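The following walks through one protein model, starting with confidence and moving on to packing.

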Amino acid sequence: MGWRHLPPIARRLRPILATPTFRLALVLAVLAGVRPPAPVVVIGPPQTVHTINPIMGVHTRLTDEVEPWKIQRTLQMVREMGAPWIVEYFPWAYSEPGFKGNFSWEHADLVVDHARAQGLTVIARLGFVPDWARPDPRKQKTTSSYLDEAHYADFGDFVYAFVTHFRGRVGHIIIWNEPNLTSEWGQRPVEPAAYVRLLRIAYARAKQADPNVVVLGGALAPTLEPRGSPFGMNDLDYLEAMYQAGAAEVMDGLAVHTYGFKFPPEAPPDPAVINFRRVELLRAIMERHGDMAKPVYITESGWNDSPRWTRAVRPAQRAAYTVAAYQWAAEHWPWVRVLAMWVFRYPAPQRSYADYFAFVTPEFIPRPVYQVVRAYASGGE
């Protein structure tokens with residue numbers, strides 16, 4: 001089509017539109033808007049994790065990763081790092097949206113199947129309440145971690161459905177997350193006895209679906225909150241209250257979160273300090289209640305190397321502390337089944353100190369901690 005057929009305004013702009021600079025800019029703009037096709041994702045033959053430390057794990061956080069090739073790449077890199085275990089979050093609200101009984105497993109299946117193909121063992125964290133199981137927002141504003149006791153049975157039904165669907169593929173589940181924090185208990189005062197009642201229902205329903213599934217209670221946040229704090233309850237006090245409420249009968253192991261902050265992994269435990277070995281104080285409570293036969297699963301741990309956070313360490317320290325923690329757990333804690341670090345990768349930047357917990361960037365660029373842990377797990381090869 002010639003210039004005479006263009007609208008008058010375009011003809012007036014002809015001197016500009018015809019310049020090489022404009023034409024180059026137009027080509028670049030078109031190319032920028034054309035995305036290459038997504039890689040074809042095929043689940044290949046089963047892989048094996050090669051590691052010198054079989055309790056190594058990491059929290060993968062693929063909940064909001066929607067591209068299959070990125071899910072696959074994440075789990076490949078976990079295997080290549082030498083961690084046989086992953087902890088992954090499977091929100092109730094994602095799996096049973098809209099209304100009760102309306103299950104959707106597509107994304108969860110994708111994660112689990114890729115993890116198994118990479119030779120990884122999945123620990124599933126269950127929580128996050130769907131809208132239909134929460135009060136009418138016009139009458140009461142609540143958060144996604146708010147669950148009335150009247151809906152405990154609904155959560156139990158979800159646990160039954162999840163364990164049934166993933167029987168033979170997922171053998172470990174965590175019931176809730178950090179229930180000793182107000183923010184994780186629906187922005188209301190925490191109640192250890194109420195959590196144990198929830199755990200009791202979930203445990204029974206899980207065992208109905210699969211008697212061999214391992215049900216983990218707790219997932220307690222390390223905190224020094226004093227009694228009566230509006231923000232939560234000290235994890236040591238909370239675990240004691242759990243046992244008083246009968247938790248020993250309704251869990252196969254205890255899930256624990258234990259962060260190092262600025263302390264090295266060998267720093268001794270102290271009730272007044274949050275450090276890596278604080279888990280030993282929780283273990284002592286288990287033993288006082290005669291529950292020493294149950295293992296501990298550390299489902300969140302690690303150090304942060306943000307240059308701007310006061311509770312962080314330097315990147316080289318973080319790498320060294322992480323390796324030393326994996327080794328310490330293997331050598332000193334026979335009762336620990338898994339040590340899973342937070343967090344392998346975020347799908348998108350968090351734009352805060354949280355980014356510096358990651359082992360790789362959203363673009364899959366390994367950070368120093370990844371390289372050092374991989375070398376350790378391979379035996380220095």
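**Confidence, core and a helix pair**

The mean pLDDT of this predicted protein is 92, with 90% of its residues at 70 or more; pLDDT is the predictor's confidence in each residue, from 0 to 100. Residues 1-13 have pLDDT below 50, and beyond near neighbours in sequence this stretch makes nine contacts in the model (contact means heavy atoms within 4.5 Å). Residues are numbered from 1 along each chain as its sequence is written, and side-chain values use heavy atoms, without hydrogens and water. As the model is predicted, local features need pLDDT of at least 70 and side-chain atom pairs count only at pLDDT 80 or more, while totals for chains, interfaces and linings use all residues.

The largest nonpolar core has 93 residues. Such a core is a set of buried Ala, Val, Leu, Ile, Met, Phe, Trp, Tyr and Cys residues joined through side-chain atoms within 4.5 Å, where buried means under 20% relative accessible area (1.4 Å probe, protein chains only). Phe 155, Phe 162 and Ile 173 have the most contacts inside this core, and H8 gives the most to it, with nine residues. A second, separate core of 11 residues includes Ile 123 and Tyr 297.

Leaving aside neighbours within four places in sequence, the contacts of Phe 155 include Trp 92, Trp 176, Leu 198 and Ala 202. H7 (residues 152-165) and H8 (residues 192-209) pack at about 35°, their axes 8 Å apart. Helices are DSSP runs (H or I, at least four residues), numbered from the N terminus; axes are lines fitted to C-alpha atoms over the stretch in contact, and angles run from 0 to 180 degrees between N-to-C directions. Among the residues making this contact are Phe 155 and Val 159 of H7 and Leu 198 and Ala 202 of H8.

Technical notes: Helix = DSSP H or I, 4+ residues; strand = E, 2+ residues; numbered from the N terminus. Buried < 20%, exposed > 50% of the residue type's maximum accessible area, 1.4 Å probe, protein only.
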